[in-house]
Amino acid sequence: MDFTLTEEHLRWRAVARDFAESVIKPDVLRRDRIPAAAERIPWDWIREADRLGLRTLGVSKAWGGAGADVLTMCLAGEELAVGDLGFAVIMDQCWKMAHILSDAMTPDQQRKFIPPFVADPEATLAIAFTEAGAGSDHQGYYDAPDIDFRTTAVRDGDSYVISGTKRYISNGCMAKLYFIIARTDPSRSLRESGSVFVVPSDTPGLRTGFFHEKSSQRLATNGTFYLENCRVPAANLLGGPGLMSRLRADFMWGAKAEAAATALGVGRAAYEYAMTYARQRVQGGKAIAGHQAVALMLAQMAMKLDAARNQIWKTAWLADRRQPEARVLGLLAKVNASETAFEACKLAGEILGGASIMHDHPVEKYLRDASSFLHSDGTNQLCLLRAAQALSGGGDANLFGFNG
């Protein structure tokens, strides 16, 4: 067992950390309070992240990216989230599809889609699962033909015609390239009929709707958009009809670890701010960090954050080696990291006391941001149920590939 990071790991962590310190932190609170979602999108930060290689961190070197492994993306994601969770999520939506781009696409699909994505410094990716009637259940716990997942793709000659509405989509209505999940046979379960189509944002019939206004991750967008008889070449189908679950199982091993790392980052930000505050705030004749009640809270935060990070790193290590345990451990790491981050932000609020709700301090923002990952990327309850199902072998333990 060796926890030594490679030079490449350290380099990308330093790049992301410097970006958070020099670019994000000086202006993030002002941007967070901009009223309109469309005006909050940090296009300038995205362009700067592209210049540094962060936007295309997961793209293979053969196509002009860094070809980073899952652990590298976890390290970078945590650092970016210390600056702002929303921006880290914008980047992670691009990173989590890295192995889809490099391994699941055909050579023709790669030539068609990867170069434009790499060349455009503002291009982001979006994964379009969620609909009004299907949220976390689409991740596999409930799977029957009557699932309320209504987006369909009907074959018509050399094309598919896609119809449906997607909502709450991360990077929705701002992405340049969408991975649309649609059912090619609504009479069958989602596992059997869920298919993934690569759809550029300028495709006729893909109509952007609106950005959801929200209290958390305010620099990231969650959009609703419409697929209105959207005609997509059959050549844009990934793998084949009904292979959504197989694609997720085979090529998205590290997705939950990456999500967990971004959640961890906002918890760490709260801890670091609370520690600085506690060292500077004097009450009872000494800095409050020296009072036992405050010291205990700081130690709890440090303990839990470090334990969550170790679980994330283990998951990433397993994912990089294609070990099947990564699937289940990723579910647990996401739950643990999000709950740890939320608790850390709450304790930071206790340490600052009444000051914690003031806009003079970022703690109230940290708490808002941390709350999102209790339900984002699958609700924590759903993730635990899926993990328990796989661990116990009860029911359909192989559902969506999460038990080997």
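A crossing of two helices is left-handed if the near helix is turned anticlockwise from the far one by less than a right angle. In this predicted model, helix α12 passes helix α13 in such a left-handed crossing, and the crossing of α11 and α12 is also left-handed.

**Helices α12 and α13**
- Helix α12 spans residues 292–320 and helix α13 spans residues 325–352; their axes lie 9 Å apart and the packing angle is about 160 degrees.
- Because angles over 145 degrees count as roughly antiparallel, α12 is roughly antiparallel to α13.
- The residues of the contact of α12 with α13 comprise 18 nonpolar, 6 polar and 5 charged.

**Helices α11 and α12**
- Helix α11 covers residues 255–280, and its axis comes within 10 Å of that of α12, with a crossing angle of roughly 160 degrees.
- This angle makes α11 roughly antiparallel to α12.
- From α11, the residues in the contact include A257, A260, A261, L264, G267 and R268.
- From α12, the contributors include V294, L298, M301, A302, L305 and R309.
- Classified by type, the contact of α11 with α12 holds 17 nonpolar, 2 polar and 2 charged residues.
- An α-helix has 3.6 residues a turn, so residues three or four places apart point the same way.

**Helix α10**
- In helix α10 (residues 244–251), the buried residues are M244, S245, L247, R248 and A249.
- The elements covering these buried residues include the helices α7 (98–104), α9 (190–193) and α13, together with the strands β4 (177–183) and β5 (194–200).

**S338 in helix α13**
- S338 is located in helix α13 and is buried, its relative accessible area being 0%.
- The side chains of S338 and N380 are joined by a polar contact of 3.0 Å.
- Leaving aside residues up to four places away in sequence, S338 touches A263, F373, L374 and N380.

**Loop residues with positive phi**
- Most residues other than glycine have a negative phi.
- N171, a residue other than glycine, has a positive phi near 65 degrees.
- N171 is found in the loop between β3 (159–170) and β4, where N171 is buried with a relative accessible area of 0%.
- Q217 is likewise not a glycine, and its phi is positive at about 50 degrees.
- The loop between β6 (206–211) and β7 (222–233) contains Q217, which is buried with a relative accessible area of 6%.

Note on methods: Residues numbered from 1 in each chain as written. Predicted model: local features only at pLDDT ≥ 70, side-chain atom pairs only at ≥ 80, totals over all residues. Heavy atoms only, no water. Axes fitted to C-alpha atoms, helices over the stretch in contact; angles between N-to-C directions. Helix = DSSP H or I, 4+ residues; strand = E, 2+ residues; numbered from the N terminus. Parallel < 35°, antiparallel > 145°, perpendicular 65-115°, else oblique. Nonpolar A, V, L, I, M, F, W, Y, C, P; charged D, E, K, R; others polar. Buried < 20%, exposed > 50% of the residue type's maximum accessible area, 1.4 Å probe, protein only. Polar contact = N/O pair within 3.5 Å; in protein donor to acceptor, adjacent residues only side chain to side chain. Contact = heavy atoms within 4.5 Å.
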